[in-house]
Amino acid sequence: MKVAMISYNTFVGGEQNGWKSRGENRILLLQNVNGNAWGMSQHVVGSRSQAEEKWGTEAKAVIDPLWEQLQSELPTIDMVVLYVGGHGAERIIELAAKYGLVPDRATFVFCDCNLAKKMKMVREGGFSSSRIVPCECGGRGTMERLYRYALKGNLPA
Ligand SMILES: [Zn+2]
């Protein structure tokens, strides 16, 4: 089984990005390359729209290179687990929709931030049949748990 996990935060401490194997199970780990627990600025001075613009720019800078590594592998991957946080996180849903990630092969890990907006994007992106796993803010504990499960051959769900 091949699983990819992608987040703009770091959720597996001390691990570099790339393929991880245990037996037949292979995980493509794609997390914050700088080891930042929080990939986005937590506090932004200015108006709501200024903050959203800043997060949008930051999210692209972190997520787009991760997505690039995922894209060429996509056809062979059984399940892609995507953390969707509160700040600039819609970028990952945009990319998944744009590049035709198969809904049945997508699991979205959602914290409560901007939940209505994220659910709307999931519907509009054609991902209504994808699995959604609720998580804490930052998603690190949940993503790490799913990573350990996946290494043991259990599909994240
Ligand atoms: Zn959150």
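**Reading a predicted fold: a tutorial**

Student: Is E58 buried, partly exposed or exposed, and why?

Tutor: One counts the C-beta atoms around the residue; a residue is buried if 20 or more others lie within 10 Å, and exposed if 12 or fewer do. E58 has 18 other C-beta atoms within 10 Å, and it is therefore partly exposed.

Student: With which residues is E58 in contact, once its neighbours within four places in sequence are left aside?

Tutor: Those residues are M40, S41 and G88. In the case of S41, 17 residues separate it from E58 in sequence, while the C-alpha atoms of the two are 8.1 Å apart in space.

Student: How should I read the sheet?

Tutor: The general idea is that strands of a sheet pair through backbone hydrogen bonds, either parallel or antiparallel. Here, 6 strands form an open sheet in the order β2-β3-β1-β4-β5-β6, and the pairing is mixed. Its edge strands, β2 (18-22) and β6 (131-134), each pair on one side only. On average, neighbouring strands of this sheet are turned by 20° against each other, direction ignored.

Student: Where does α1 pack?

Tutor: Helix α1 packs on the sheet, where it touches β1 (2-6) and β3 (25-30), and its direction makes about 155° with that of β3.

Student: In which sense does β1 pair with β3 and with β4?

Tutor: Strand β1 pairs with β3 in the parallel sense over 5 bridges, and V3 has I27 as its bridge partner in β3. The pairing of β1 with β4 is also parallel, over 4 bridges, and A4 stands opposite V80 in β4. Further along, β4 (residues 79-84) and β5 (residues 106-110) run parallel and are joined by 5 bridges; V84 stands opposite F110 in β5.

Student: Why is β1 described as largely enclosed by the rest of the structure?

Tutor: The description holds because 4 of the 5 residues of β1 are buried.

Student: How is a nonpolar core to be understood?

Tutor: In soluble globular proteins, nonpolar side chains tend to be buried together. The largest nonpolar core here has 42 residues, and those with the most contacts inside it are M5, I6, L82, V84, I92 and V109. The largest share of this core, 7 residues, comes from α1. As for L82, its contacts beyond four places in sequence include I6, I92 and V109.

Student: Which residues of α2 are buried, and what covers them?

Tutor: In helix α2 (residues 90-98), the buried residues are E90, R91, I92, I93, L95 and A96. Their cover includes β1, α1, β4, β5 and α3 (115-124).

Student: What should I look for in the backbone angle phi?

Tutor: Most residues other than glycine have a negative phi. Just after α2, G100 takes a positive phi of about 65°. N114 is not a glycine, yet its phi is positive, near 50°. N114 is found in the loop between β5 and α3 and is partly exposed, because 18 other C-beta atoms lie within 10 Å.

Note on methods
Residues are numbered from 1 along each chain as its sequence is written. This is a predicted model: local features need pLDDT of at least 70, side-chain atom pairs count only at pLDDT 80 or more; totals for chains, interfaces and linings use all residues. Two residues are in contact if their C-beta atoms, placed from the backbone, lie within 7 Å. Two strands pair if DSSP finds at least two bridges between them. Helices (H or I, at least four residues) and strands (E, at least two) are DSSP runs, numbered from the N terminus. Axes are lines fitted to C-alpha atoms, for helices over the stretch in contact, and angles run from 0 to 180 degrees between N-to-C directions. A nonpolar core is a set of buried Ala, Val, Leu, Ile, Met, Phe, Trp, Tyr and Cys residues joined through C-beta atoms within 7 Å.
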